[in-house]
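Work through these exercises with the model open beside you. Each task is followed by a stepwise solution.

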Amino acid sequence: MTESIDTLVVGGHVVTVNATRDIIRRGAVAIRGNEIVAVGKQADLEAEFVANETVGGERFVVTPGLVNTHIHITGEPLTRGYVPDDTPFEENVFMWLCPLYSVHTAQEERLSAQLAAVEMLKSGTTTFLEAGTIRFLDEVIDGLVEVGIRGRVGRWIWDLPPEPDVYKQRTDEAIAHLQRQLSEFGSVADGRLGASTILVGHTTASDPLWKAARELATEQGTGMSFHMSPAKLDPEGFVAEFGQRPMVHLAEIGVLADDVAITHCVQIDDQELEIMADAGVSVAHCPTTALKVSYGVTQVGRMPEMMQRGINVGIGTDGNNASNYSDLMRATYLVAGLFKDARQDPQMFPAEMAYEMATIGGAAAMRLQDTIGSLEAGKRADIVVHDTDRPEWRPLLNVVNQLVWSADGRGVHTVFVDGAKVVDDGRMVTIDEADLYARCQRAGEAITARSGLPDKAKWPTY
Ligand SMILES: [Zn+2]
């Protein structure tokens with residue numbers, strides 16, 4: 001007796017990231033609707049199921065979709081690369097990024113989110129946690145529904161910065177924005193997309209806003225995320241204001257809990273590390289930003305100690321002016337390598353650990369580990385098929401080593417999100433790519449012109 005299914009995804013290697021981290025040779029994943037119904041040997045699944053469509057084959061490596069735990073899907077994708085790579089942190093944020101963010105229109109933010117989603121999907125990321133849509137969440141969600149990615153989004157929320165004018169918020173306005181997005185966009189597209197409690201963080205929120213956001217996150221069960229301590233500015237600001245470092249203060253006012261994912265956490269002292277571990281927070285480690293914005297993560301970062309202390313660390317790619325790509329496989333490569341060199345210790349972040357961080361660890365940071373992050377029956381069908389008939393994949397002798405150290409998003413062939421095929425043979429199924437890229441080019445030129453910021457490219461271009 002054979003059961004019918006929608007799709008059988010077949011691979012020479014199926015990397016499950018299940019509890020025992022099984023890798024199945026000549027394996028397969030059976031999909032019905034939006035769910036994985038079985039994972040096992042290809043021969044066994046072919047005997048058990050009749051599939052409407054079979055995808056993949058011996059030359060493919062099948063993995064769970066990656067989870068990007070921190071990415072700016074608006075403000076940055078359409079201004080990618082315009083900010084020079086030799087500006088100090090404060091100049092970077094206040095002289096360049098804020099003015100560029102503030103001149104986007106609603107349609108440009110929608111387009112920006114689509115470009116970010118397409119870049120993620122085509123390089124094997126199926127789920128993301130947003131850093132905060134600048135202003136136009138309705139249009140951004142609409143654009144994301146069309147592309148077909150999974151994610152948690154939210155509007156840019158802060159109440160202390162006096163400018164830029166267009167997204168300045170009083171405390172009551174910031175709380176109202178949060179309330180509205182959580183009630184209107186709690187679950188969109190069958191739960192694939194939804195609003196979360198996302199603050200900008202750093203030193204941009206008053207205590208009343210921190211506390212109100214905490215209450216809303218608990219009440220709505222959304223989890224909570226924000227930026228903190230990429231550089232010394234945040235600890236210095238908290239110490240000046242409260243006489244306490246950020247994690248000490250946030251723990252004291254009740255913000256930290258096991259549903260909190262904090263981005264960066266480079267400047268963390270011993271006491272803060274203990275507080276974070278005790279509270280059970282997750283960290284979004286963004287190695288590419290640290291490199292480009294000179295955070296010193298390899299000199300002062302405590303990511304190895306966080307892992308040893310049991311803190312869950314996921315991986316993010318952050319904004320496209322601080323990390324000009326959103327290919328999580330490239331970021332995972334850096335996670336595996338940076339601390340090996342920094343500590344002169346090859347035991348740091350083995351490939352298997354880095355790959356866990358990019359999959360099940362990211363899912364846990366978003367509290368979605370029961371839904372995504374591995375290939376197991378009962379989970380949502382978020383699946384990536386890598387083509388190994390490429391130079392960087394051959395010879396294929398150790399699949400996890402190859403995934404982290406050799407391959408990148410260029411080898412991604414087919415991608416499923418929620419059981420739907422969104423990338424097929426390296427091309428988007430859901431959206432016209434040529435049209436998208438043409439519109440992105442026009443928008444990027446228009447936004448940078450409107451900002452009045454100078455073109456700082458150093459080599460003569462004519
Ligand atoms: Zn960020």
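**Exercise 1.** At what angle do α3 and α4 pack, and how far apart are their axes?

*Solution.* Begin with the ground rules. The model is predicted: local features need pLDDT of at least 70, side-chain atom pairs count only at pLDDT 80 or more, and totals for chains, interfaces and linings use all residues. Residues are numbered from 1 along each chain as its sequence is written.

Step 1. α3 and helix α4 (residues 137-147) pack at about 35°, and their axes are 8 Å apart. Axes are lines fitted to C-alpha atoms, for helices over the stretch in contact, and angles run from 0 to 180 degrees between N-to-C directions. Helices (H or I, at least four residues) and strands (E, at least two) are DSSP runs, numbered from the N terminus.

Step 2. The crossing of α3 and α4 is right-handed. A crossing is right-handed if the near helix is turned clockwise from the far one by less than a right angle, and left-handed if anticlockwise.

Step 3. On the α3 side, the contact residues include A106, R110, L111 and A117. On the α4 side, they include V140, G143 and L144. Two residues are in contact if their C-beta atoms, placed from the backbone, lie within 7 Å.

Step 4. Eight nonpolar, three polar and four charged residues make up the contact of α3 with α4. Ala, Val, Leu, Ile, Met, Phe, Trp, Tyr, Cys and Pro count as nonpolar, Asp, Glu, Lys and Arg as charged, and the others, Gly among them, as polar.

**Exercise 2.** Describe how α3 crosses α16.

*Solution.* Step 1. Helix α3 spans residues 106-122 and helix α16 spans residues 433-451. Their axes come within 10 Å and cross at roughly 130°. That makes α3 oblique to α16. Angles under 35 degrees count as roughly parallel, over 145 as roughly antiparallel, 65 to 115 as roughly perpendicular and the rest as oblique.

Step 2. This crossing of α3 and α16 is left-handed.

Step 3. E108, L111, Q114, L115 and V118 of α3 meet E433, L436, R439, C440, A443 and I447 of α16. By class, that contact has seven nonpolar, one polar and three charged residues.

**Exercise 3.** Which element gives the largest share of the side of domain 1 that touches domain 2?

*Solution.* Step 1. The assignment gives domain 1 (3-63 + 381-426) and domain 2 (66-365). Such bounds come from an automatic or database domain assignment.

Step 2. The C-alpha centres of domain 1 and domain 2 lie 29 Å apart. In the contact, 18 residues of domain 1 meet 24 residues of domain 2.

Step 3. α15 (399-406), β15 (412-417) and β16 (420-424) each give two or more residues to the domain 1 side. The largest share, five residues, is from α15.

Step 4. By class, the domain 1 side has 13 nonpolar, two polar and three charged residues.

**Exercise 4.** How does α14 meet α15?

*Solution.* Step 1. The axes of helix α14 (residues 351-365) and α15 come within 9 Å and cross at roughly 70°. α14 is therefore roughly perpendicular to α15.

Step 2. A351, E352, A354 and Y355 of α14 touch V400, N401, L403, V404 and W405 of α15.

**Exercise 5.** Locate the backbone exceptions.

*Solution.* Step 1. Most residues other than glycine have a negative phi, and most peptide bonds are trans.

Step 2. A cis peptide bond joins E163 and P164, with omega about -5°. P164 sits in the loop between β7 (150-153) and α5 (171-184).

Step 3. The bond from R394 to P395 is also cis, with omega near -5°. P395 lies in the loop between β14 (383-387) and α15.
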